Amino acid sequence: MDLITELSKRVSTFDSFWVQYVPIQDPTRLYEAAWHLPSGGGKRMRPAIAMLACESVCGNPQSVLPFGASLELIHNFSLVHDDIMDKSLLRRNLQTVHVKYGEPTAILAGDLLFAKAFQAMLDVDVDYEVFKELEGDLVQCVLDICEGQELDMDFEERKIVSEKEYLHMISKKTGVLFQLAAKGGAWIGGAPDNEVDALAQYGMFLGLAFQIWDDYLDMSSNAAVLGKDIGNDIRNGKKTLIAVHCLVHASPAQKKVLDAVFGNRSASEEQVKSVLEVFKASGSIEYARSVALRYNAEAKNALGVLSDSLARQTLVALADYAIAREK
């Protein structure tokens with residue numbers, strides 16, 4: 001089984017479907033801004049997970065497409081607004097929406113994507129009771145994402161954040177959307193409760209592994225590979241797992257470097273590099289990698305209740321990809 005081939009099949013199907021929700025129409029500038037990030041690529045992991053979850057419980061993956069569109073629209077809405085808050089310049093090797101179109105239009109573009117997500121949900125063809133559950137979960141998911149983003153920003157103002165607090169934050173900011181993708185795909189596929197619960201666990205563990213690996217890549221890769229800014233997390237004082245671990249375990253000399261640079265929005269490239277060296281020397285980058293690997297294993301273990309199938313094998317491979325990718 002080749003993961004890229006299997007994902008490409010589903011992503012191609014999904015991409016042909018979801019363009020209908022953000023047509024370019026008047027006012028053209030707004031709709032072009034809204035479609036700027038989606039048209040720039042992206043992994044489409046959340047709709048792919050929903051489709052695979054549905055297939056793994058013997059459901060029809062075509063029935064998941066509107067739900068997958070809703071998830072991807074929510075995801076892109078959050079990216080547009082995150083980039084404004086983080087003052088990011090690059091996303092997917094493109095100018096961020098607020099840089100290209102201006103902040104006011106970018107805010108509206110994010111709002112438009114948010115509204116379109118709920119429009120897509122209206123096309124999910126399931127029993128009314130299942131629809132109510134899905135809709136309620138989607139609303140709660142958005143609330144959790146907002147709470148997670150606020151916690152993330154609040155943590156920037158704090159000197160020390162515990163690992164438990166960090167994990168709680170990313171479970172809301174990132175984990176819940178992965179969780180809903182897998183859970184919703186299983187629900188739409190008609191799975192029994194034990195399989196729905198197992199896929200929900202898979203989604204959460206996968207989301208945690210995915211976010212921690214993102215933190216790892218941000219400190220071990222480069223802008224050309226990642227397609228986004230390197231160093232912003234250090235300048236913004238982002239409490240990634242790497243920073244959380246380092247702020248506790250750094251030596252006195254290393255803490256002096258962190259005190260001078262971490263959270264300094266005007267830090268130079270050399271200063272950013274000095275913090276990167278501290279992260280490496282303290283073992284914090286490697287520690288984050290080990291935690292991501294642990295959640296990867298838990299995600300795969302959660303799939304044990306499912307019958308063997310190509311979809312299940314692809315979900316396992318996807319968990320491995322989440323902690324092996326380069327961007």
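Me: Happy to look at this predicted model with you! Which residues does I212 touch, leaving aside those up to four places away in sequence?

Reply: I212 touches Y166, L167, I170, L241, A288, V291, A292 and Y295.

Me: What makes I212 stand out in the largest nonpolar core?

Reply: I212 is among the residues with the most contacts inside that core, together with F67, Y202 and F279. The core has 112 residues, and its largest share, 14 residues, comes from helix α9 (residues 193-220).

Me: Nice! Which residues make the contact, and how do they divide?

Reply: From α3 come R46, P47, A50 and M51, while α4 brings L65, F67, G68, L71, E72 and H75. They divide into six nonpolar, two polar and two charged.

Me: Why does L151 count as partly exposed?

Reply: Buried means under 20% and exposed means over 50%. L151 has 24% relative accessibility, so it counts as partly exposed.

Me: Where does L151 lie, and what does L151 touch beyond four places away in sequence?

Reply: L151 lies in helix α7 (residues 128-156), and its contacts of that kind are H168, M169 and K172. L151 and Y166 are 15 residues apart in sequence and 8.8 Å apart in space, C-alpha to C-alpha. Y166 is also one of the residues that I212 touches.

Key:
Residues are numbered from 1 along each chain as its sequence is written. This is a predicted model: local features need pLDDT of at least 70, side-chain atom pairs count only at pLDDT 80 or more; totals for chains, interfaces and linings use all residues. Side-chain values use heavy atoms; hydrogens and water are left out. A nonpolar core is a set of buried Ala, Val, Leu, Ile, Met, Phe, Trp, Tyr and Cys residues joined through side-chain atoms within 4.5 Å. Buried means under 20% relative accessible area, exposed over 50%, partly exposed in between (1.4 Å probe, protein chains only). Helices (H or I, at least four residues) and strands (E, at least two) are DSSP runs, numbered from the N terminus. Contact means heavy atoms within 4.5 Å. Ala, Val, Leu, Ile, Met, Phe, Trp, Tyr, Cys and Pro count as nonpolar, Asp, Glu, Lys and Arg as charged, and the others, Gly among them, as polar.
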